[in-house]
Each structure stands twice: as structure tokens, then as C-alpha cells.
Amino acid sequence: MIRSGLIRELSAKAALRPEEFGQKAHTINRLHGADLPVPEGFALSVTAVREIADTGIREDWDLSPLIAPGRLKAIRSSPVSRSWGGPETLVNIGMNRQVLADLSRKLGKGVAAEAFCHFVQEYAVSIRRQDAETFRAIARDSAKIGIQPEQLVASCLEAYRALVGEEFPEDPAEQLRNGLKSMIAAWDGTSARILRSARGAPADAGLGLIVQDMVPGYVSARQGSVQFLSPLSGEDGVFGRFLPERLGSAGRSSTSENLDAVDDQLASAFDASSPVIGNMLSEYGLIARRTFHDEMRLDFLLDGETAWILDAVPAERSTRAKLAIAVGLVDDGLVSRQDALFSVDPLDLNDVMLAQLDPRGQPDVVATGVAASPGAATGQIVFSAMAAQAMKSREQECVLVRVETSPEDVRGMYSASAILTEKGGMTSHAAVVARGLGVPCVTGATAVHVDARTRTVTIPDGRVLREGDVMTVDGTGGRVVAGAPGLVEPVLDGAFGVFMSWADEARTLGVRANSDTALEASLAREIGVDGIGLVRTEHMVIEPGRLTLMRELILAQTPTDRQVALERLLPMQRADFIEIFRIMQGLPVCIRLLDPPLHEFLPTSRGAIERLAEAMALPVSRVSERIDDLAEFNPMLGLRGVRLGMTVPEVYDMQARAIFEAAVAVRRKDGTVLAPEIMVPLVSTTMEVEIVKSRVNAVAAAVRAESDCDFGYALGVMVETPRAAFRAGKISEVAEFLSFGTNDLTQMVFGLSRDDAGRFMREYVQQGIYEEDPFQTLDPEGVGEMLLLAAERGRSARPALVLGLCGEHGGDPKSIAFCHRAGFDYVSCSPYRAPVARLAAAQEALRDAMRRRDASSEGSGGE
């Protein structure tokens, strides 16, 4: 026999640990322990399989316990992790002339001959690696001319002899030896190794094997899979199917097809006309649920009115179903809230917030790019913001396709159902705006060629899509799809609310939303956030009427002209802040003063310049000259952020006044006492902060005096430059909070353009130069170290200093875990990513608590 401990009965009382015998053996062992009807058998350990792989099956190994005369066996793979896959099950091991004779007496010669020949073929093809065509030809001839059973058997045996060069083995032990060696060889094959590696398996991934009895009626038994809840919604029901009938093949592993509907034959088995099977499997499902503390899918065999359980795996489930399952298991006392919170990947919550491609479909994917903003949407292709707005006015869905977007496109982006850009990355203009709007977006689809002049998109296979053609953008998977595949609409049901309430109870890190409009603030409140961490005031002035005023401000020739424009902008900004403050009902609101370079607000096309000149009663040449004067070689590092406050201080004065007057108006009308947070962008020196703060203080004093109403506020800094991070100690003597703008900070630390990095980022990650895209997941070694240094220096100078992160990393689970460990107060992300952030923060808080308990236990000697 193989060395003691390397082979165990499946029904052993001692648990078969998955790391020793594989996941399937572990599961079947537990099914035995739950007294479910499972075929008997033995499990070969991972160590036993490795010994066989290294030395072969020695002649002195006694395999007789694995074999019973006249009893057929199945060999099943049992990898340590099911996700790695494994060789296909071999069934009917032990089939020979003696078994053929027994089957002939029980089932008739014809059925027995077909079952025998089926095994001979499978043995030749799966174990001896021969081609199946010869056997298929025999089967076709048998069907056509009605070959007698004896002749059919003889033909199959002759075919085997001709292909393999030897007689078909009658000895069950020899069949078993060869079957075991065949499955081990398949596991160790190059193709299998590559496939496992792609699924995350280590190079030494372990395989166990199971030798299990075939059920008594295996020839006529029907195999199926069933689960008792909807894979899409998690609602109770019967979902499953019978597998295609193959004579003598019952007992193989089930397929992984989606159980999205009830198979007609399976449904009849649960019909009142046949209640025994339905009641039996329903009861088995309940037992499996209690045994595994999870909703399970049962793989079963029906032999008359007897059901045998072959395996149990977690039920197929969408994210919506995951939430329903988690809440149901907690309600029934089968899992703790903590376990439930860890049962859902935070990123999966994107699926319930926005429409997604229907997983049951087969979309025509024509290109891929960066999954810049989750969700999926379908619409007609348009190539300009104006065309998108026109489509919106006609209540038609459209996909805005651009080489890349700019602030001029924002109104079109608001109107579009989805966005596709040829250039860009995770933090490009299109990506950031789309995430804020909750619009699906794919950026950096470099394999497509966008020609706005001819209004065409050329895709990699040579097809040309034109304006008006239908396209679907899958921002979750980074896919571009031709046509209109099916979508699954989002549903935020009761389970979502209950689950997220548990997350909020567990987390200690605040989660705010980046919201630039009242609509986005309302969404943030509905979804559930702790406040607004970033109001980008530049997005408030891009609407048609306001944009013209902003352009007049920029093009003003005298301080008087500039003041006129500011006085017209002031009530608009004030109205926006009033609406946001009322929506947030006293929750923190952090408002960033104007940040972008001024030239971004100015037109670039000849027609738009002419229209602006006409509106301002200025010569086109003067407008063009002013636009040229504002042009910069590197605008992202030019006249923007706090530098605007230094050179055009009236702009920041106007914004501060709008904020304070809005706070006064809300207090007078609603009685809500507010303390707005004002954030100064792109700071690099302490003096910049001091100058802005002195002017903001003066405006605050003026508004208090004018309104005879007191209010508080906090002034802080958006840390986006390395110098600001290094000088955080001095800056924090003036600033009351630091909010790290990790989009720009990552650009400056790496020396990367976030708009252009998509061209090479994939190759950098694939080659291991970067572990992950630093614009998607915070770089802990460089950018992260800078954040830690700034946090330490800042809180040394001001112990009560509030620390936040408001870059796109605020919606990334790994980055959120970093912020929790660093002791930050909050992260801020787009409203649609807030549930992701809330769950990620909860999971990290729970991990932190577990780490502290473990450390405490070790410190006390484990008592």
C-alpha cells in the first residue's frame, strides 16, 4: 500500500484538510459528515500524487483497497484550490468483459455494448492519448446500419488494438494505475501549468486525487446541478440544469455554465407531479447550507428516485446576490457580520451601482483600453460635445468618442451615456470627469483610430464605425463593444442598505465624496457618505452662461472690467454653495478654490473664438492675441492653483465671499450652523498659504460685519507637490488640514503624465517595473512614503491636524488600507465609488483589530 497517511477514506471522521488532500476531497468529506448520500471512495493526498509524479506507481504498492470486483470507479481531480482547475474526471474505471456481461443481463446487450465501447474510447483518448475519430466512425456506422452488440464490442476492441498496439486491459488495477498516471501527467503538462499560472496558482500548486465508486445506476443516471436561489438577484428559487445525456458518462464534473434559468427537465423534477426528488434535493440543499455556512450549488446524480451528491460548491452569484446571501446568512446565525463583510470584494460593489454587461451574453468586443469609469452604456457614436448635447436634447443615448477630452468637452460629457478616448489613462481628464458623473468610460484605447474630421472610428479588425453607429462602452472591464448587447440594470435593494450599514459600523476611516454640483451632492447623500471631500469650483463655471462670464473675466483688460465679471459670477457661485450646503445638512464640505490654468476656459476653434469676440464686442484679433498670451508650454506646472490666487487675487476673494455668504444664508433659513472647509490647491510654500489665508480672513471679517452673523471655517491645503509634502510641518502651522491630491502628486513624484502614461503603463506592469499602475493604486514605496512623512511632520506641528486624501486613489481598496494604517481621517472619491471605499475601510479596520488581538495574544503568551 502507499505509505500510511497518504491515502484516506472519503468518509473518514478526521477532516481531510484541503491543503493536504485538495478542496474537493475536503468538501466530499464534509458532505459525508453531514450524512448526505455521497458515493464511497478514497482520497490520495497531494504528497502521494507528488510521489507518483516523481517515481511512478511502484509494483509493491497495493491498490486493492481502491478496487472492488465488479464495482466501477471514477477518478476525480482535487486541487488545493478549485480556481486552478484540474484534469477532467475519468469514469467507469474497471469496465471489462465481466462487467459487460453483468450489464447485458441487467440492461440488455445493446445498452451494455454502447456503455462498454464508450469507455474503451475514453480510455484510448483520455489515458492513452489517441485520436477519437476512429471510434466516432464506428458509432456513426452503428447508428446507420444497426451493428449487433457483439460486433460493436469487437469493432471497438479492434480499433483500440490498432491504435494503441496492444490489447485493451481487462485488469481494473491496471486501468486504475494508468488512469492515475494519466491525470497526474495532465496536471504537470506545460499547457496546464500556463493556465494555472494565469489563474494565480503557484509553480508548485498541489493536486490531490479521488478514487470514488460509480453509483449503482450509473449507465442510466441523469446528472445535474442545482442551487436554490437566483444567481442574479439572490432571491429564493430553483435554478439549475441537467447536463447533456451521455451513456455511461454520468458522474463527471458539472459544467461551469451560468445557471441563469431553470432547465425544463430539472423543473419537472421539482414539479408537484414528482415531489420526492424535489423535496429530497431541497433538503440536501438546506443541509449543505448549514454545513458550509454558505449557499451551495449541488452536483447530483438521479438514479430513479434516489439522488446522489457528487460535489458541492458555492452557488453562482452576482454581486447583488452576494449581498442578499450575506445578509441572509447573518440573519440565520450561520456567519458573523465580520465574515459577511469579508465575503464581498469591495470592487464588486461597482456592479450594483451601475448598469453592467449581461454576463450571459457574448458581446462583440472590438477593442480594449483602460477601465477608467465603471458601468456599461449603449448609444450612437458622436464625435463632439455639441453633437452629444444635441442628442441629449432629443432624449437619445450617445457615446462621446474623442482622441482625448478637454474642459471644452465637459458639457458633452454630461450629455453622453458613455465616453471613449483613444488616449489617456486612469487619471486623465476624461477618466476623472466620467467617474464624477458616474458615466462609463474607457480611455487609452490605443488600438482604435479616432478621426473627428471624417467622424469615423477604425477598429483593430479593419472595420470602420461611423457617427450614428451603435456602440457600447464597458467601463468596468475596459472593453469597447460593437452594437447593443444586453445590460443588467443596477438594483439597490434592502440587502445593500443593511450590508453597508454593517460596513459603516465597522470602519473608522471617514469616506467623503468628490461632488462638484448639487446633483452629485444629492447622489452622495443618497449613497451614504460622511461629507464632501472635494468641490472642484472650476466645474461650476463651465455651463454656457457662466463660461462666457469666466472668459470675460480672463480677457478683461482693466481691474474695473475684471470686477464687473466677478460681481456677475459671485451670485452664481453663492447659489451653488447654498444648494450644496443644504443638501449636506451640516456634514463637512471641503471647497477647493479655482485650480486649472486659465487658458483651459478659453476656446480653441476658430468658430468659437469668433463667437466669443462677438459676445464681448472685441476684435477677433484681440481675443486671439489674449489666448496666445495665456498659452503655456507646460500648463499643468504653469499658472494654475494657488498661483492664480497670487496673480489674480480677486478670483479667490470672490469665491471666499460666495462660500461665506452661502453659509450665512443657510444658517438664517435652515438654522444649520456650518464651518466650510476652504482648500488652497497646488501649494509649495508656506508663504503662499499665509497670503491666501490673510485675504480669506479679511473676506470672512467683512461678511460677518455685513451680515451680523458669525460662522466658522477651516483653511487647509491640497498637497500635490513634493515640496509641500516635505514642508508639511511649517505649512501645518498655518493650515488646519492637509488633503493629499495624489493624482498630481503621483505625476510629480514619478515624473509621469497621467494623460499619456496609458500608452506604456500596461507594458511597465507586465514587465514588473511597476507592481501596479500608480495612478490606480497608491505607490506605497515612493508616494506613500511621502504621505507618511508629511503626516508625521504635519501632526508634530499641529496634533489635531486633519488628514485626508482626495485623489482617485480614494476609491481604491489597497490605497484605502494604506490611509487607514497611516492614521488618516478620511478619503474622498467619486460618489459612485463611495460604497467601495466604505467596505474597503471596514475590512481594513477589521483586519487591524484582528492584528491587535493577535499581537495581544502573543504578548500574553497565548493564554
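C806 sits at 3% relative accessibility, so it counts as buried (that is, under 20% relative accessible area, with exposed over 50% and partly exposed in between, using a 1.4 Å probe and protein chains only). Keep in mind that this is a predicted model, where local features need pLDDT of at least 70, side-chain atom pairs count only at pLDDT 80 or more, and totals for chains, interfaces and linings use all residues. Residues are numbered from 1 along each chain as its sequence is written, and side-chain values use heavy atoms, leaving out hydrogens and water.

**Cysteines**
- A disulfide is a covalent bond between the sulfur atoms of two cysteines.
- Searching the whole structure turns up zero disulfides (pairs of cysteine sulfur atoms within 2.5 Å).
- C806 is in no disulfide, and the nearest cysteine sulfur, from C590, is 7.0 Å away.
- C156 is at 3% relative accessibility, so it counts as buried.

**Helix 5**
- Helix 5 covers residues 109–127, 19 residues in total (helices here are DSSP runs of H or I, at least four residues, numbered from the N terminus).
- From first C-alpha to last it reaches 26 Å, close to the 27 Å expected at 1.5 Å a residue (the expected span is 1.5 Å times one less than the number of residues).
- Of its 19 residues, 14 are buried, so helix 5 is largely enclosed by the rest of the structure.
- After helix 5 comes R129, which has a positive phi, near 60°.

How values were computed
Helices (H or I, at least four residues) and strands (E, at least two) are DSSP runs, numbered from the N terminus.
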